[in-house]
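Here is a short note for a colleague who has not seen this structure before. Please read the points with the model open.

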Amino acid sequence: MLIYMLATAMTVAMLIATVFGLHREAQRIRAKANTKRFEGFGPRKPYSHY
């Protein structure tokens, strides 16, 4: 019975750690996206008629 309780506790701990890690990663990506402004579609190349 004790082994099942330990396994359940470890499973719950890992689920909480996973949710916390996903939340932290989402916050990092969201913060990174807010600081970068849109600069168009790809690098800008000077256009020459010649």
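1. In this predicted model, the side chains of Arg-28 and Glu-25 form a salt bridge, with 2.6 Å from N to O. The structure holds one salt bridge. As a general point, side chains of opposite charge can pair when their charged atoms come close.

2. Where do the two partners, Arg-28 and Glu-25, lie? Both belong to helix 1, which covers residues 2–35. Three residues separate Arg-28 and Glu-25, about one turn of the helix.

3. Arg-28 has 46% relative accessibility and therefore counts as partly exposed. Glu-25 is also partly exposed, because its relative accessibility is 36%. The class in question lies between the cut-offs of 20% for buried and 50% for exposed.

4. On the overall fold, the protein has one helix and zero strands. Of its 50 residues, 0% count as buried.

5. The accessible surface of the protein comes to about 5,600 Å². Carbon and sulfur atoms account for 68% of this surface.

6. Which residues make the nonpolar surface patch of about 560 Å²? The patch is made by Met-1, Ile-3, Tyr-4 and Met-5. One of these residues, Met-1, is found in the segment before helix 1. Met-1 has a relative accessible area of 75%, so Met-1 counts as exposed, the cut-off for that class being over 50%.

Key:
Residues numbered from 1 in each chain as written. Predicted model: local features only at pLDDT ≥ 70, side-chain atom pairs only at ≥ 80, totals over all residues. Heavy atoms only, no water. Salt bridge = Lys/Arg side-chain N within 4 Å of Asp/Glu carboxyl O. Helix = DSSP H or I, 4+ residues; strand = E, 2+ residues; numbered from the N terminus. Buried < 20%, exposed > 50% of the residue type's maximum accessible area, 1.4 Å probe, protein only. Areas by Shrake-Rupley, 256 points an atom, 1.4 Å probe, with all protein chains shown as cover. Patch = residues over 30% accessible without salt bridge, like charges linked within 9 Å, V, L, I, M, F, W, Y side chains within 5 Å.
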